[in-house]
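Hi,

Here is the structure I promised to pass on. My notes on what turned up in it follow below.

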Amino acid sequence: MLVLVAPGQGAQKPGFLVPWLDLPGVTERLTWWSAVSGLDLIHYGTKADEEEIRDTAVAQPLLVAAGLASAHALFSEGAEDYRDLLGASAGHSVGEITAAAVAGVLTDEAAMVLVRRRGLAMAEAAAQAETGMAAVLGGEQDDVVAHLTKLGLTPANVNGAGQIVAAGTAEQLAALAEDKPEGVRRVVPLKVAGAFHTDHMAPAVSALQTLMEGAPVADPRLPYVSNRDGQVVTSGSEVAQRLVAQVSNPVRWDLCMETFQKLGATAIIEVAPGGTLVGIAKRALPGVKTLALKTPDDLEAARALIAEHAVPVAGTPAE
């Protein structure tokens, strides 16, 4: 059984879209999504520097566009039955919007409208106070979470495989750097604009709630695994509600991976710019084959993995 996953903010690198533009239809698709989102995605994915694409309002649409473009490239151009080859879809943080489009909950255009507004709203919320995030590597999960809570920090991303991302004020993060939880190897500050997936993002939730009230949504056409609790969500309206609330809720990627196991996952493909999530899966899901789409050179191996592991929803092996 094959799971398609989409990375979150921080996966982008300067120029990472350059090789993808050589594929038929990618430039045209990105040009259309640029018009839909009001952001020059081709410029930001090919010529912008690291500082420019670190901007939350830019990074999030860029990541969703890259994920969707690589997913379209992976499967037959224009084919609508590719969802029958997938056992589930999921995304980390903003990658959930990519996963929702892959599952058919949102159209590509709706996904780009939503992610552009999400990025702007989160950037605006982050500007209201000096906050940030830091990766906490190592230690026992329960001990780390208890220590973060004691310092007033939020375990904003519980990623599994010994990785938790703490979020809070600059003062709280400074206290964490001075007082690491027992067993923690390192605390690594992240280059993000604010404390995402915490109460500091409440203003963004309000803005997105108003937008989503009029968004066209459909029920998922394959199992959609939610960051909130790792549960499979079968209602399109509930997916939409969770996409909004998730902005200020912790990401439970550890629970998503537990669900992949329960569903019988044998392989995971991470759409562009891939690498982060398959890295976690290699440590947390031994025996599950993984592949990251970093450049078009990875497509051939990904298609071979699909041929080996994809099983239609109906339960018969893919031809």
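Let me start with a pair of strands. Strand 4 and strand 5 (residues 163-169) run antiparallel to each other and are joined by five bridges; strands here are DSSP runs of type E with at least two residues, helices are H or I runs of at least four, and both are numbered from the N terminus. Two strands are called paired if DSSP finds at least two bridges between them. One of the bridges joins asparagine 157 to valine 165 in strand 5. The two strands make a hairpin with two residues between them, and alanine 161 in the turn has a positive phi of about 55°. Strand 4 (residues 154-160) is largely enclosed by the rest of the structure, because six of its seven residues are buried (buried is under 20% relative accessible area, exposed over 50%, partly exposed in between, with a 1.4 Å probe and protein chains only).

A word on the basis: this is a predicted model, in which local features need pLDDT of at least 70 and side-chain atom pairs count only at pLDDT 80 or more, while totals for chains, interfaces and linings use all residues. Residues are numbered from 1 along each chain as its sequence is written, and side-chain values use heavy atoms, with hydrogens and water left out.

Next, the charges. The structure has seven salt bridges, each defined as a side-chain nitrogen of Lys or Arg within 4 Å of a carboxyl oxygen of Asp or Glu. Glu50, Glu51, Arg54 and Lys191 are connected in a salt-bridge network. Within it, arginine 54 pairs with glutamate 50, with 3.4 Å between the closest N and O atoms; these two are four residues apart in helix 3 (residues 50-54), so about one helical turn separates them. Arginine 54 also reaches glutamate 51 at 3.0 Å, N to O, and that pair lies three residues apart in helix 3. Lysine 191 joins glutamate 50 at 4.0 Å, N to O.

Glutamate 50 is partly exposed at 43%, and arginine 54 is partly exposed at 23%.

Finally, glutamate 182 lies in the loop between helix 8 (170-178) and strand 6 (184-189) and is exposed, with a relative accessible area of 72%.

Best wishes
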